[in-house]
Amino acid sequence: MEKRRKIFEVKHLQKYYFTQQKQQLKAVDDVSFDIYEGETLGIVGESGCGKTTCGKTCLGMVDKTGGEVLFLGKDVHAMNRKEHFEFTKKVQMVFQDPYASLDPHQKVYQIIAEGIQIHKIAKNKKEEEKLVFELLEMVGLNVEHAARNVHEFSGGQRQRIGIARALSVNPEFLFCDEPISALDVSIQAQIINLLMKLQKERNLTMLFIAHDLSIVKHISDRIGVMYLGKMVELTRSDMLYANPKHPYTQALLSAIPIADPDESKKKEKVMLAGDVPSPLNPPKGCRFAGRCQHCMEICKTADPNMVEVEEGHFVACHLY
Ligand SMILES: Nc1ncnc2c1ncn2[C@@H]1O[C@H](COP(=O)(O)OP(=O)(O)OP(=O)(O)O)[C@@H](O)[C@H]1O
Ligand SMILES: [Mg+2]
């Protein structure tokens, strides 16, 4: 693999919450990965497995409990004010719910111009206007939309506004936390295509979170699969689909419907038994053991480490 610049280096990251009953909840527990310049890393896993917490901790939006997150070599959780201000320009986010993340009473213009103003990107009002109009066009909206209130727009249009806002400061990195899951299915592909187009044009690096593998397939260069606070598999997208190693990944993949009935018949269905255990009281050993059809004695006592099973393909499972 060619040597590429690492934008993020995440090492043994932990984020524990405490519930009101003072119970420890291990939302992210010893997760390590890198994100390389220009790539899209997808993270998938069931609800509550820690995807959002992982992303937010990487962005310094929540404190970490342990481990380290480096952005271009700098510790995200130990930046001074000036460094943090620069960081907020280079790193932007597109949120899951464009209804909750945009103030419905604000004008579209003001929403997109805010970052430009904070970071003093435009020399004067005229240049600011030009930038806002360019951004609107770039995301498939038009100049007339600038003067309207957000509440006049549909979910898909709001997400376009959210993307324009994120890109207004010309970031290097975009964190997309389930940016299409609140949208109509008919609109989802449009937003995915828009993000892919913008990523290419602007050489963006992206972290893209989704519930299931069918969504991240097209947009991700590499995919990490999370289960109950752990990363259980991480590899190139094509390798993950062609040769999934972790029993949990295999189960996730077999849950994706296949349009072609012949292909569908060939595919072996791997069913998931039982429910996701609680992160409040995660099982000893491998957290997936209780639902795994290959469970061995060692799985019930020892937590498996991530090992590289082929080049660039990492799995945390005692089978390997
Ligand atoms: N602020 C918080 N305080 C306490 N617990 C939290 C907090 N935020 C998240 N959690 C818990 O941490 C775990 C991971 O949550 P997180 O939101 O990161 O999961 P997720 O994978 O993003 O789920 P989803 O797919 O539903 O968005 C969950 O058990 C959740 O209840
Ligand atoms: Mg989430």
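Predicted model: local features only at pLDDT ≥ 70, side-chain atom pairs only at ≥ 80, totals over all residues.
Helix H1 is largely enclosed by the rest of the structure, because 6 of its 8 residues are buried, where buried means under 20% relative accessible area, exposed over 50% and partly exposed in between, with a 1.4 Å probe and protein chains only. Those buried residues are Lys 51, Thr 53, Cys 54, Gly 55, Thr 57 and Cys 58. After H1 comes Gly 60, with a positive phi near 70 degrees.

Residues are numbered from 1 along each chain as its sequence is written, chains are lettered from A and ligands numbered from 1 in the order in which they are written, and side-chain values use heavy atoms, with hydrogens and water left out.

Let me turn to the ligand. Which residues come nearest to ligand 1? Of the 14 residues around ligand 1, they are Ser 47, Gly 48, Lys 51, Thr 52 and Thr 53, a residue being near if one of its heavy atoms lies within 4 Å. As for polar contacts, which are pairs of N or O atoms within 3.5 Å (within protein, one must be able to donate a hydrogen and the other to accept it, and residues adjacent in sequence count only if both atoms are side-chain atoms), a polar side-chain atom of Ser 47 lies 2.5 Å from an oxygen atom of ligand 1. For Lys 51 the distance from a polar side-chain atom to a ligand 1 oxygen is 2.7 Å, and for an N or O atom in the side chain of Thr 53 it is 2.5 Å.

On its own ligand 1 has 630 Å² of accessible area, of which the protein covers 65%, by the Shrake-Rupley method with a 1.4 Å probe, where for residues only the protein chains shown count as cover. Strand S2 (24-36) and helix H1 (51-58) are the elements that give two or more residues to the shell, and the largest share, 3 residues, comes from H1.

Now to the aromatic side chains, where rings of Phe, Tyr and Trp (its six-membered ring) pair if their centres lie within 6.5 Å, with planes under 30 degrees apart counted as stacked, over 60 as edge-to-face and the rest as tilted. The count by this rule is 7 aromatic pairs. One of them is the edge-to-face pair of Phe 8 and Phe 173, at 4.7 Å centre to centre and 65 degrees between the planes; this pair links distant parts of the chain, Phe 8 being in strand S1 and Phe 173 in strand S7, 165 residues apart. Both Phe 8 and Phe 173 are buried.

Phe 71 and Phe 87 also form an edge-to-face pair, with 5.1 Å between centres and 75 degrees between planes, and they join strand S4 to helix H2 across 16 residues. Phe 71 is buried at a relative accessible area of 5%, and Phe 87 is buried at 4%. Ring pairs link Phe 8, Phe 71, Phe 87 and Phe 173 into a cluster.

Finally, the loop between helix H7 (213-219) and strand S9 (222-227) holds Ser 220, which counts as buried at 7% relative accessibility. A polar atom of the Ser 220 side chain lies 2.9 Å from the backbone oxygen of Val 216.

Note on methods: Helix = DSSP H or I, 4+ residues; strand = E, 2+ residues; numbered from the N terminus.
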